Structures are given as structure tokens and as C-alpha cells.
Amino acid sequence: MPKMAAVAAAPSTSIAPIYRPPSSSKAPLPISTLTLPLSLNHKKPRSLHISNSLSKPTSSTATTSSPTTEKPSFPRFAPDEPRKGADILVEALEREGVTDVFAYPGGASLEIHQALTRSNKIRNVLPRHEQGGVFAAEGYARASGLPGVCIATSGPGATNLVSGLADALLDSVPIVAITGQVPRRMIGTDAFQETPIVEVTRSITKHNYLVLDVDDIPRIVREAFFLATSGRPGPVLIDVPKDIQQQVAVPNWDVPMKLPGYLSRLPKNPNELHLEQIVRLISESKKPVLYVGGGCLNSSEELKRFVELTGIPVASTLMGLGAFPVGDELSLQMLGMHGTVYANYAVDKSDMLLAFGVRFDDRVTGKLEAFASRAKIVHIDIDPAEIGKNKQPHVSVCGDVKLALQGINKILESRGARGKMDFRAWREELNEQKVKYPLSFKTFGEAIPPQYAIQVLDELTDGNAIISTGVGQHQMWAAQFYKYKRPRQWLTSGGLGAMGFGLPAAIGAAVANPDAIVVDIDGDGSFIMNVQELATIRVENLPVKIMLLNNQHLGMVVQWEDRFYKANRAHTYLGNPSNESEIFPNMLMFAEACGIPAARVTRKDDLIAAIQKMLNTPGPYLLDVIVPHQEHVLPMIPSGGAFKDVITEGDGRRKY
């Protein structure tokens, strides 16, 4: 086994997130106790000496009507002057307020790129792979709440967008993907670089278009952005044949949208009688719990007000982290397969489950029959397809969670509910569970526990960074140990679980929030899948910090091998089998090849200084943190299991 995985003597245990600063009258506590030399009491702001400061979050709301954008004059062409279809397309993007795109050129999209060079409003951030481009567009959308835009050529360029489109659909992310296509006369002839991308992506987009008339471009672009951002957000694809891009026309910008069916199906404002029924059920309950998801990201203020009025504890899905502050005393943090014991306990024992902006995903529910089996369920979601799909609610409201919460809060305020609802006994019961089963981890000698690295990052950034991740163990630890304060701080591939997401998503976040601290917490397996995007980060000089938790393995698969396959390694070692004592590949050399400062840290005594240096260094930086591969993400409810099956102990150092 690699030297870095060598196990030291008896472990010590650390509980998150309690830190005790060393006393001045005693010798400093050793790092192995995993207590940070930073006070948890942040009454006085600390000087962090970080090269970027987080910009003030902009409030965003769910869009249920056509996006309103200014229509400034565009001096490149007179109003009645003919221009190429590609120029019409670019001007249509400008009219939707687009300022940044992630576009990789090719033969079938060359005209679009030529038109982009004639735009003085749109900047192209050139990815080094189309998958990097679509993931960056997702990161832009997730971090800003605005639609992200990516552009690719036909054939392999278009098919390289597939994972990102599927990811955006599952996680309800508004993106508009534009692809070049072979000329109309060649469609269906197996022409060079031809793929029927509309057919390929039909089931993984909210809607898609094949443009067959240059005069349709203004309407189609307007519809695409409206579809991507209204109702339940999602990806829309526009496929533009090359001859349409080259065709000369005079655009008509006043053509109305043609979406009568879609508009008729958009949810109406919540019925006040339904909201009053929800308030009545809450007042009758003894053990209510909130189960909030990604659908609440635009409703954070309303959610916080609702919790203030009712005192109901909040459990969040992976996608919902940040909608309610993780550090709040009423937060139960994340629920589900790798959620906290107390969050899953609360759902299991509750008599009222308030499911807001969620879809009862299998990674949350486990065994459906056992999930919240004692509770009446109230489900509020904007997508009618989600109501009753996996779990039948007692009361459902199909509509915008923001509007529903505003209505519920208004009812509660009018009734003076703040003093009437008393769930203190329930909260005390849950606080006992928090004390009994805190998030914790062990340390072995000088090895760096990956959870500790995330705790240190949380402290040094005061919980203010925008965090992106790949997929795997590091993703779950980042969800557990970083204390998110706001929506859109947490960018991760939830439903699809797409490895390689973290680095390009951080690019998109940095473009959308140029003054923010953006950190990609990544694993070595995920990182290397889109490592080429280091070139984009360097060329664009984006201040993206990469904290690589490098265990030389596919950690989550290794955990399942340890637990359920007698630790039989089936192609999950990512190092060099002929030299296991050496870190392979050398991630620092990838950074060096792209002119990005980088360092490696192997001892926990050196970790705080190493992370601080990463944050202090202007521009991009890669920190390779070597961690043991035996660590397991805990708690864990096995797939298809129930709360009674929760695992809270053990790692890869013992047999099962």
C-alpha cells in the first residue's frame, strides 16, 4: 500500500464543529486533537488577508414570466440592414442580457464565433473541452441564478454537452446550449460531424429546437430563455444549421412567443385555503420538521421568516444547502444517505413533514415505505410531475415555493403565531440527538483527515466562500463540514453525480462572481476528468482555488468495496501499481504546465498554513492535500435502507 496510507497508533476522535482555542497558560494542544486555533466566536471580524472578497449576494427570485431585459441600440447594424443569421443569434443573446458565454468553436459553429467577435457586449470564456464549457455554464447559473450559455459545434462537439444537459435537467439549472449543425440539405445524410443532437438530447432537456428558418431566430432565442428560467428551471438546446447561420435577413424583434400550451400549464398562485389548511396542520402537530431542497434557493428570506415564526427545525437536501443557514441553531444540516443522524432521526420521528421544493429522491428517502412513516406530509413544489411521484402527500400545493411561503407567513403573522406555537420539547429532543451523534472523525498520527481540511477551510474563509465539488467522498464531506450561510454558495452535481464537475463549475462561478472566493474542493478521480480546464483558468486569470483531497483511489467506490465486497479492489486504485509509495499522477506538474502556483501538504501540522497560503496567493492556486484512502463517509444509510440501518462507526482499516 502507499506510504501515505500507513496507519499510525491509536486514533483520536474529533467532533465537528466545536473548536477550543489553546489556553495561554498551558502548552498548546497538539493538532491531533483536531481543534482549530481559531475562536468560534466571531464578534470581532478577523483580517483574513484573502486576495478576493465575496461580493454581496444578489437576491434572485423564481421567474414565472418572460425575462425583462433592456433593448438598447446595437450600432453594428441599422434596424433595416440585412445581416447573417449568426449575427441575429448573437444580438438575440445580447437582448436577453447575456454578457458571458462558454463556447468552443468548430466548423459548424464557426459563423457564430465570427459573430461573437463583432459583439462588444458578450465575452467568450474559452473552455478546453465542450464538457468543461457546459459545466462552466452550469456553475455560472448555479452561482448567479441567471441562465448560463454554452456553445459547441456539431457532431462530437454537441455530444460532449450531453452530461451537462442531463445534469442541468436533474438539478433544475437554467442553461441555454447552442449547437452548430450541418447545412439543412445535408441533415440525415450522415454528413461529416453530423449527429441528430435534437433527438439525442430530447429526454435530457426541458425543450429543444432545430432552427429551419432564419426568421425564427429572434422568437426561438426569446422562448428558450423563457423556458429555461420559468416554472421549474432547466436546460434548453438550440441547434442551428450552418446555412441558417450564413443566410442574410433583417430580424423582426417583435415576433411574440408561441408557447400557449406551456403558458397554460404554468402553476398559478397558491390557493389561500390550501395555505390555511397547512397552517392548521402545523398548529396541530407536536413534532414538525422542514425538509427543504433546491426549490427553496430563491426563497431563502421567506424560509428564514417562516422558521422564525414557527420554530420548526430544518433538514436540507444536498441541493438545498444554504437555503437556510447551516450554522443556525434550528438547522439539522443535511438529511439522507450521508446526512446527520439527527436530521434523519427528526424525519423518522416527526408527525408533520413539510417538504418544500424537494422531489423525494432515493438518496434522501432510502426505503420509501419507512421514510417519514409517522408523519402527515405537506408537499409544495412548482413541478406537478413531482407531486405524489414517489411519496403521496396529505396536502399538496403545486406552485412557486416563494409565493407559498409568503402566503403562509402572512397568515401566521396575522394570527400572531410567533408566541402560540411551542415546539420546545421537540427541539430539546433533537438537541439531545445532536449531542449524542455529532458529525465526527478520527485522526491517525500525522495523516490529514479530509474532514479536517474542510473544517480548516471553513474557518479560514469564515464560511463565505463559494464551494464547487466533484463527485464522491470529498463531495459528501464538503456538504457535511462546510457551514454554508447563503443560497448559491454550494455548487455540486447532485442528481446525475457527474465526476469532473468541480473545476469547470468553479470557472463559471468565478466569471459570475469576479470578487468572490471560489474554491473547488475536489477528489483526484474527479479532478483529472476535466484537468484541461486549468488552461482556461490560467489564460482568463480566474482566482479559482483548488483544494484537492488526494487519496489515490476512487474513494466512494472503495468505501462500498470495504463495506459490501470484502475490500476486494476492483480497479479503484488510481495510482501507479508498480510504485505505490509515490503519489501518481503528480498533480503539481499539471498546474506547473499551466503556469498555476501549486503546493502539496502531507502532514496535518502543516495544513492550516498551507490553506492560508492558498487563500492569500493572488489568482489561481492548486493545493494537493494527501489524505488516507481508508476514510469512510459517515453516517451512512445503505442504499434502500431505513433510519434503523444507519451506520455511524468504522472505516477501511477494519474488516466487515
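1. Let's start with Tyr 140, which is buried in this predicted model. Its relative accessible area is 8%, and buried means under 20%. You can find Tyr 140 in helix 3 (residues 130-144).

2. Now look at the partner of Tyr 140. The structure holds twelve aromatic pairs, and one of them brings Phe 102 and Tyr 140 together, with ring centres 6.1 Å apart. Their planes stand at 70°, so this pair is edge-to-face. Phe 102 belongs to strand 3 (residues 100-103), so the pair ties that strand to helix 3 although the two parts are 38 residues apart in sequence. Phe 102 is buried as well, at 2% relative accessibility.

3. Tyr 291 sits in strand 10 (residues 288-292) and Phe 371 in the loop between helix 13 and strand 14, so the contact ties together parts 80 residues apart in sequence. Both Tyr 291 and Phe 371 are buried. Ring pairs also bring in Phe 360, which forms a cluster with Tyr 291 and Phe 371.

4. Which residue places its charged end over the ring of Phe 444? It is Arg 653, and the distance to the ring centre is 3.7 Å.

5. Next, have a look at the backbone. Ala 372 has a phi near 50°, a positive value in a residue other than glycine. This alanine lies in the loop between helix 13 (362-365) and strand 14 (376-381). Is Ala 372 buried or exposed? With a relative accessibility of 3%, Ala 372 counts as buried.

6. Asn 541 also has a positive phi, near 50°, and is not a glycine. Look for Asn 541 in the loop between helix 20 (533-540) and strand 20 (544-550). Its relative accessible area is 46%, so Asn 541 is partly exposed.

7. Finally, please check two prolines. Between Phe 584 and Pro 585 the peptide bond is cis, with omega near -10°. Pro 585 is in the loop between helix 21 (555-564) and helix 22 (587-593). The bond joining Leu 634 and Pro 635 is cis too, and here omega is about 0°.

Key: Residues are numbered from 1 along each chain as its sequence is written. This is a predicted model: local features need pLDDT of at least 70, side-chain atom pairs count only at pLDDT 80 or more; totals for chains, interfaces and linings use all residues. Side-chain values use heavy atoms; hydrogens and water are left out. Helices (H or I, at least four residues) and strands (E, at least two) are DSSP runs, numbered from the N terminus. Buried means under 20% relative accessible area, exposed over 50%, partly exposed in between (1.4 Å probe, protein chains only). Rings of Phe, Tyr and Trp (its six-membered ring) pair if their centres lie within 6.5 Å; planes under 30 degrees apart count as stacked, over 60 as edge-to-face and the rest as tilted. A charge sits over a ring if NZ of Lys or CZ of Arg is within 6 Å of the ring centre and within 35 degrees of the ring normal.
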